[in-house]
Amino acid sequence: EPRVAEARAHSQQELAPPLIGVEDVAPLALPGEVLRFDARLCVHEYVITNGGTSHELVVQAMQAHTDDSDVCIVALRGLLLGGEDAIANRLTLVLQVPGFIDTLQRVILEFPKHEVVYLVMRLTTHMLDLQQRTGDPQESLAEVQAMSIATVLDSTQEWAYKEWESLLQALDTLAGNHGSDTGRRLVARLDIIPRLDEAWGNIENLTREDNVAKMIVKAFQEDTERLLKL
């Protein structure tokens, strides 16, 4: 009997599956569409909560899904929520995220259309202004800002009052009274002033029949003509 019991125990050991530790289990790879849905959920939650969730997760969602216009647009809108102080505080942290400026450049190249690049232009204006005030402007950010301005000028067919105001603010921050020599070189390299001149001429031609064009010319003629001399 002892020999039978020993043989039976030995047989059970051979048949029993080996124990698997947690470290032996391969991580579960989620399907791409699940990850995309999660990114969309993340950025929409950020906007709904008025920036109440993690800005780092929003930036990561953009970086992982620069090919998704919904993720990019909602993320950009979220990062622009609030007043000047709230945006400055948020972007101080966002600027510390490695690769974020490169992400914005990829977004411009992926979606060179008004609804996307206008938001990038507004965001980079805040970022560049923040860096200039802290005395540490990055040339890579100025390059993305110049790209966004040129693309906004190319992609905008009809100008709203606030859009023209934001354009002038962006150009002034890059190369105007508050700008830098680097910014002015980029403006010349991308032919931004001829583009600005053409857009301004189109607005002036509409003043007889378009009330918005009249408001733009009345409010921004002096600033526009100053920037046209860059």
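Modeller: A residue is called buried when its relative accessible area is under 20%, exposed when it is over 50%, and partly exposed in between, using a 1.4 Å probe and the protein chains only. This is a predicted model, in which local features need pLDDT of at least 70 and side-chain atom pairs count only at pLDDT 80 or more, while totals for chains, interfaces and linings use all residues. Residues are numbered from 1 along each chain as its sequence is written, and side-chain values use heavy atoms, with hydrogens and water left out.

The protein has twelve helices and zero strands, both taken as DSSP runs numbered from the N terminus (helices are H or I with at least four residues, strands are E with at least two). Read from the N terminus, the order of elements is α-α-α-α-α-α-α-α-α-α-α-α. The protein has 230 residues, and 40% of them are buried. Its accessible surface is about 13,500 Å², with 51% of that belonging to carbon and sulfur atoms; such areas come from the Shrake-Rupley method with a 1.4 Å probe, and for residues only the protein chains shown count as cover. Of the contacts with a separation of 6 or more, 68% join residues 24 or more positions apart, where a contact means heavy atoms within 4.5 Å.

Now the helix itself. Helix 2 consists of residues 32-48. Its 17 residues reach 24 Å from the first C-alpha to the last, close to the 24 Å expected at 1.5 Å a residue; the expected span is 1.5 Å times one less than the number of residues. Five residues of helix 2 can be named as buried: Arg-36, Ala-39, Cys-42, Val-43 and Tyr-46. These residues cover an arc of only 120 degrees around the axis, which puts them on the same side of helix 2. The arc is that of the directions from the helix axis to the C-beta atoms. An α-helix has 3.6 residues a turn, so residues three or four places apart point the same way. On the other side of helix 2, Glu-33, Phe-37 and Ile-48 are exposed.

What covers the buried side? The cover over the buried residues of helix 2 includes helix 3 (55-64), helix 4 (69-79) and helix 5 (84-94). Helix 5 has buried residues too, namely Ile-87, Ala-88, Arg-90, Leu-91 and Val-94. Their cover includes helix 2 in turn, along with helix 3, helix 4, helix 6 (100-110) and helix 7 (114-134).

Arg-36 is a charged residue's name on a list of buried ones, and its relative accessible area is 18%. Leaving out residues up to four places away in sequence, Arg-36 touches His-65, Asp-67 and Asp-68. With Asp-67 there is also a polar contact, side chain to side chain, at 3.5 Å. A polar contact is a pair of N or O atoms within 3.5 Å; within protein, one must be able to donate a hydrogen and the other to accept it, and residues adjacent in sequence count only if both atoms are side-chain atoms.

Cys-42 is buried as well, at 16% relative accessible area. Another cysteine, Cys-72, lies in helix 4 and is buried at 0%. The structure holds zero disulfides, a disulfide being a pair of cysteine sulfur atoms within 2.5 Å. Apart from neighbours within four places in sequence, Cys-72 is in contact with Met-62, His-65, Thr-66, Val-107 and Phe-111. Cys-72 and Leu-104 are 32 residues apart in sequence, yet 9.3 Å apart in space, C-alpha to C-alpha. Leu-104 is also touched by Thr-124, as are Leu-141, Val-144, Gln-145 and Ser-148, not counting residues up to four places away in sequence. Thr-124 belongs to helix 7 and is buried, with a relative accessible area of 0%.

Just after helix 2, Asn-50 takes a positive phi of about 55 degrees, a positive value in a residue other than glycine. Asn-50 sits in the loop between helix 2 and helix 3 and is exposed, at 52% relative accessibility. Asp-191, which is not a glycine, also has a positive phi of about 55 degrees. Asp-191 is in the loop between helix 10 (181-189) and helix 11 (192-205), and is partly exposed at 45%.
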